[in-house]
Amino acid sequence: MEKVIVAMQDPDMGVKMRNQRLLITVIPHAMTGRDIIEWLIRKYNICEEEAMHLGQLLVKYGYVYPLKQPRLLLLRPDESPYRFQSPYFWTSTRWPASELDYAIYLAKKNIRKQGELIEYEKESYSQLHKRINHTWDFVVMQAREQLRASKQRRKADRIVLECQEQAYWLVNRPPPGAHNMLDMGPEARYDHNTRVILNSDYYKREIDNCRRALGRNRVKSSICLEGFVKYSEQYHNHDPIMQGCLPSNPWISDDTSHWTMNADKVNTPTRLRVERWGFSFMELLNDSMGKKEFMTYLEKEFSAENLCFWQACEDLRHGESSRIVEKVEEVYKQFLAPGAARWVNIDSKTMDKTLQGIKRPHRFVMDDAQMHIYFLMKKDSYPRYLKSDLYKSMLAKAVVPQETKKSVFPFMRRQRHASPSPAQTVSKAKEEDGQAREEGEAGTNSATVSQV
């Protein structure tokens, strides 16, 4: 969607921006809902229904926000004015929508509207007042300061900023009953739309959680420092800043051999690269060539389906949202279904939890099964791979780059025939005079000794 927004903002081929009148205020750099739909139809050669659906998604995800009725994130195919959201508020930036920021927004809105908040906003306002009561003076002070700064702007700019901020919070704190567009699966944060019943069971759970937190083992700082020192010693020879780059440093020279030898796909990797595969299992998986060599080993061990399943889960986790249901079904049929072509061995508890989650598929539904297979490979297949002849032969034939003559940039070369400074000329003259006096004194002394 962000690529679509960038294309829409192109000054030549994008949506034509112009001033739009909102009652008596002129809003600059705005567009209408009809302009958005017509541009989508013309750009992607789709029908009006598809363009309307795509435009609705752009508005619901907050990339385009309305100016006429800012409380409703809807795209109307008429002359209603819209504007592009600032990239600072895009969902890809992962700007944390904290309770403190939301409290400042509600306090600012409560002061500006003189208490005219919507019901769910009033409820959230009161809950936040109880939850962060210790910092409420800061919340009110910050809200008043922002309102004071906004009064110094023009009215059109104030309207734009208010609609912009409201669209962001409608996406991150949707009203009750509205679909949350930022569905994060089981790792989602606390759901602010659900009311917590403060009864005896709730407080018992809180007490149990506090007791478990108090009994949790803590790691001593000395152990942390030992781990940090061990990590630093392990990666010391692989740090280009501490040890330099071989065959030459591409940042200060015009030699790009370092990039070529460490590309994703090479015939023979460097020795340092192969050595890093033995540091940790994730070092091996993060390297495309290391993952390929590990796949070759697993195929010989008849357990390549484990790595294939892990890669399929990674693709599901970081893939397109529109294909989540399709990918979940593909992973289930290929790896988890009874009699699957590449069936993976998962314990019954994890399998039951995964099958229960498949009924409502999301991008994190395979996390438990993926973690089980990951630890299975880490504890079993990975140590055997490091002891195998395949890894040892790769380590033996790995390339050890030889240092080449550095070819620095012209502005870093020293001038061969540079003229000396006046200070150097004076110091040299003094040294020559001193040497001449010492030679003269030495000659006089030698003559006196010969006469005696």
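**Where is the place of Asn45?** In this predicted model, features of local geometry require a pLDDT of at least 70 and side-chain atom pairs a pLDDT of 80 or more, while totals for chains, interfaces and linings use all residues. Residues are numbered from 1 along each chain as its sequence is written, and side-chain values use heavy atoms, with hydrogens and water left out. Asn45 sits in the loop between helix H2 and helix H3 (48–60), where helices (H or I, at least four residues) and strands (E, at least two) are DSSP runs numbered from the N terminus. The phi of Asn45 is near 55 degrees, a positive value in a residue other than glycine. Asn45 is also exposed, with a relative accessible area of 72%, on a scale where buried means under 20%, exposed over 50% and partly exposed in between (1.4 Å probe, protein chains only).

**The open four-stranded sheet.** The sheet consists of 4 strands in the order E1-E2-E4-E3, with antiparallel pairing; two strands count as paired if DSSP finds at least two bridges between them. Strand E1 (18–22) and strand E3 (64–66) each have a single partner strand and stand at the edges, so one side of each is left without a neighbour in the sheet. On average, and with direction ignored, neighbouring strands of this sheet are turned by 55 degrees against each other, the axes being lines fitted to C-alpha atoms (for helices over the stretch in contact) and angles running from 0 to 180 degrees between N-to-C directions.

**The hairpin of E1 and E2.** Antiparallel pairing of E1 with E2 extends over 4 bridges, and Arg21 has Val26 in E2 as its bridge partner. The hairpin leaves 2 residues between these strands, and within the hairpin Leu23 takes a positive phi near 60 degrees. Strand E2 also contains His29, whose phi is near 55 degrees, again a positive value in a residue other than glycine. Most residues other than glycine have a negative phi. His29 is exposed, with a relative accessible area of 56%.

**Strand E4 and its two partners.** E4 runs antiparallel to E2, to which it is joined by 2 bridges, with Met31 having Tyr82 in E4 as its bridge partner. Towards E3, strand E4 (residues 81–84) is joined by 3 bridges, again in the antiparallel sense, and here Val64 has Phe84 of E4 as its bridge partner. In a regular strand the side chains alternate between the two faces of the sheet.

Helix H2 (residues 33–44) lies across E1, strand E2 (25–32), E3 and E4, running at about 20 degrees to E2. Helix H7 (residues 155–172) likewise lies across E1, E2, E3 and E4, and runs at about 45 degrees to E2. Contact here means heavy atoms within 4.5 Å.

**The second largest pocket.** The lining of this pocket comprises 34 residues, of which Arg112, Arg158, Leu161, Glu162 and Cys163 lie nearest its centre. A pocket is an open set of points on a 1 Å grid over the protein atoms alone, where a 1.4 Å probe fits, with protein on both sides within 12 Å along at least five of seven lines; lining residues have an atom within 4 Å of a point. Helix H4 (99–112), helix H6 (136–150) and H7 each supply at least two residues of the lining, and H7 gives the most, with 11 residues. By class, the lining has 17 nonpolar, 5 polar and 12 charged residues, where Ala, Val, Leu, Ile, Met, Phe, Trp, Tyr, Cys and Pro count as nonpolar, Asp, Glu, Lys and Arg as charged, and the others, Gly among them, as polar.

**Pro247 and Gly278 in their loops.** Pro247 lies in the loop between helix H10 (240–243) and helix H11 (257–261), and a cis peptide bond, with omega about 5 degrees, joins Leu246 to Pro247. Gly278 lies in the loop between helix H12 (271–277) and helix H13 (281–286) and is partly exposed, with a relative accessible area of 31%. Residues up to four places away in sequence not being counted, Gly278 touches Tyr382, Leu386 and Tyr391. The C-alpha atoms of Gly278 and Leu386 are separated by 6.7 Å, although these residues are 108 residues apart along the chain.
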